[in-house]
Amino acid sequence: MKAPRGGLTGLRQIIHGDSSPGPSSLLPVNRGMCLNDQGLRTEQLISPTRFYSRRDQIAPTRVAMATSSPVTNTWIKPKLSMPSSREFGYSSNSISLLKNQPNRQIPNINCSLQAPPILHFPKQSSNYQTPKTTTIPTSNPTIISHPKQDKNNSFSKWNLVQKVAAMTLDAVESALTKHELEHPLPKTADPRVQISGNFAPVPENPVTQSLPVTGKIPKCVNGVYVRNGANPLFEPTAGHHFFDGDGMVHAVQFKNGSASYACRFTETERLIQEKALGRPVFPKAIGELHGHSGIARLMLFYARGMFGLVDHSNGTGVANAGLVYYNNRLLAMSEDDLPYHVRVTPTGDLKTEGRFDFDGQLKSTMIAHPKLDPVSGELFALSYDVIQKPYLKYFRFSKNGEKSNDVEIPVEDPTMMHDFAITEKFVIIPDQQVVFKMSEMIRGGSPVVYDKNKVSRFGILDKYAKDGSGLKWVEVPDCFCFHLWNAWEEPENDEIVVIGSCMTPPDSIFNECDEGLKSVLSEIRLNLKTGKSTRKAIIQNEEEQVNLEAGMVNRNKLGRKTQYTYLAIAEPWPKVSGFAKVDLFTGEVNKFIYGDNKYGGEPLFLPRDPNSKAEDDGYILAFVHDEKEWKSELQIVNAMTLKLEATVKLPSRVPYGFHGTFINAKDLANQA
């Protein structure tokens, strides 16, 4: 879902200032875990400046920190020098955070990508009482401790000039944060909206083996299912959008009918530096980089870089959106940086090998949805820049990892480019109405703009083109597809068929709006002979029409004509109540609902046998969270019958996230 990722906006160039790869605050409530008189784990408010999560289900075993990648098992308290609690508008018991705004209400989120807030921020009152604890039953209670932070972790390594600069810049940031507190944040940047409920982050989880399984795991499910997501290590000190979070990969490995689970942060250069500093310092592309305060935060970041307090030369990305297994490597991606190579260990754990530039061949960012051709084994990708031309480039990698030359795609403005499509012969490149206009920041707005005067269009280019001279554009008015599920050629009609979910309003996941978001599965036909297009909703029955976002077709059929697609039912928006199997030829919809009070994310289709004649012969895998019991599981559903085959109970909560893939056991054994 998400998309819409920070990681999904391509604002890396704002931070870094060139085309090379690189680089009103709300303090949440701490809910700590303790034991009550009955020996049950409970949840309590402890402090308004640390832990930001709700009722996390703790594994029955002791929560430990990873030896290979030490990360604390709670959110880390930032070391930012902050104004006094009275200046923020709360006392030791109060958590009303907005000074002089006692009646401020959390805004309605009809158009927000994120969930309604479930953390409560009472009005400021000297008589405010700590809320009652919420009891969470567990068979083996444990207590989460909050490790102390080394205040001199990086400070002691700096010279005198750096120390003075750090203190001065921290004081400036503190004043900026105080100023931002005087104004309400839009819901698209309010952490109480963006990362509440099961959108909230979790700590790393070392490998837990032999998980409880209900039903029987199909024999073909042999390997590892991995899914990416945004999981901020530090609680926000300013505005935060869900897409801004640090990348975390969740992995369920299957061996001989048994399953294990682990989740780890992708150790990006950004994450490594912020862990060393003990606080967030890199600007958040969506939550912070808007208006005059966004410009001020960029200047602070530049100043810290000038004094050597941070280093953005090795990237600023979060790697939180996409995953692809290509040329024996699992790559974690967001379009603000190069990919990161993450290795799955033999035990089912995850280890970040580092930022991956394809042996020095990739000099620019790469979007989070490269396309792997199932026949040739080639990888096709785009890169976009929001500062300078060329704004958009296309390139490909051979099966063995050799990169082609870049092909410039001529576009007038830097376009938000999250996804594209391939056919057997062509790449299909959307140039749509959501664009980047840096000048809007000077005017006090967001640089992500819905340009209503622009006409959306799709570019058609030969996959092996050496330049953009053969590019054909076909206009598709009033069309914005955040994701494209597939495309294929129909030579008998001189047409290319594109399958995508058309969103309205186009910028609703980035900017606040009053109109309810709709995501309609659509068939778009591009006529190569006439240069015209047609578009229609695939589901013709209005009663069956639902928001469909995040999903896939049978990946063995990518770029070829497909009958079925499997998409998340994004209702009640932005939660996902189940998935829909849609017949693209007839518009027939069959739905699988995860269960009462259960919500999930992107469904992944795993073919049972690549040589099977039936396109839907396989299984759907999806992480599902029970919001009543506050437990998570992995559901395995027969794609032909839509019957639940197996459920894997997970040892810790899995937040709602983005995109995933499956790596079979044979490929796992051949990892680079």
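**Briefing on the predicted model**

Strands β10 (residues 329–333) and β11 (residues 340–344) pair with each other in the antiparallel sense, over 3 bridges. The model that shows this pairing is a predicted one. In its protein chain there are 8 helices and 36 strands. The chain has 672 residues, of which 62% count as buried.

**The chain as a whole**

- The accessible surface of the protein chain comes to about 25800 Å².
- Carbon and sulfur atoms account for 48% of that accessible surface.

**The sheet from β9 to β12**

- Strands β10 and β11 belong to an open sheet of 4 strands, which follow the order β9-β10-β11-β12 with antiparallel pairing.
- The edge strands of this sheet are β9 and β12 (350–355), and each of them pairs on one side only.
- From one strand to the next, the twist averages 30 degrees.
- Within the pairing of β10 with β11, which runs over 3 bridges, Ala332 has Tyr340 of β11 as its bridge partner.

**The loop between α6 and β9**

- Phe307 is found in the loop that lies between α6 (291–306) and β9 (322–326).
- Together with Val161 and Met306, Phe307 makes a nonpolar surface patch of about 320 Å².
- Ala319 is found in the loop between α6 and β9 as well.
- Ala319 is buried, because its relative accessible area of 2% is under 20%.
- The phi of Ala319 is near 50 degrees, which is a positive value in a residue other than glycine.

**The sheet from β23 to β26**

- Another open sheet consists of 4 strands in the order β23-β24-β25-β26, and the pairing is antiparallel.
- Strands β23 and β26 stand at the edges with a single partner strand each, so one side of each is left without a neighbour in the sheet.
- Neighbouring strands of this sheet are turned against each other by 25 degrees on average, with direction ignored.
- In the loop between β23 (481–490) and β24 (495–504) lies Asp494.
- Asp494 has a positive phi of about 55 degrees, although Asp494 is not a glycine.
- The relative accessibility of Asp494 is 35%, so this residue counts as partly exposed.

**The hairpin of β25 and β26**

- Strand β25 (residues 518–527) pairs with strand β26 (residues 533–537) in the antiparallel sense, over 5 bridges.
- The two strands β25 and β26 form a hairpin, with 5 residues between them.
- The turn of this hairpin contains Gly531, whose phi is positive at about 75 degrees.
- On strand β26, Ala537 is the bridge partner of Ser522.

- Asn556 lies in the loop between β27 (548–552) and β28 (564–569).
- With a relative accessible area of 33%, Asn556 is partly exposed.
- Asn556 and Pro607 are 51 residues apart in sequence, while in space their C-alpha atoms are 8.0 Å apart.
- A cis peptide bond, with omega of about -5 degrees, joins Glu571 and Pro572.
- Pro572 is found in the loop between β28 and β29.
- Lys581 lies in strand β29 (residues 578–583).
- Lys581 is buried, because its relative accessible area of 7% is under 20%.
- The side chains of Lys581 and Asp616 are joined by a polar contact of 2.7 Å.

Terms used
Residues are numbered from 1 along each chain as its sequence is written. This is a predicted model: local features need pLDDT of at least 70, side-chain atom pairs count only at pLDDT 80 or more; totals for chains, interfaces and linings use all residues. Side-chain values use heavy atoms; hydrogens and water are left out. Two strands pair if DSSP finds at least two bridges between them. Patches are made of residues with over 30% relative accessible area and no salt bridge: like charges are joined within 9 Å, nonpolar side chains (Val, Leu, Ile, Met, Phe, Trp, Tyr) within 5 Å. Accessible areas come from the Shrake-Rupley method with a 1.4 Å probe; for residues, only the protein chains shown count as cover. A salt bridge is a side-chain nitrogen of Lys or Arg within 4 Å of a carboxyl oxygen of Asp or Glu. Axes are lines fitted to C-alpha atoms, for helices over the stretch in contact, and angles run from 0 to 180 degrees between N-to-C directions. Buried means under 20% relative accessible area, exposed over 50%, partly exposed in between (1.4 Å probe, protein chains only). A polar contact is a pair of N or O atoms within 3.5 Å; within protein, one must be able to donate a hydrogen and the other to accept it, and residues adjacent in sequence count only if both atoms are side-chain atoms.
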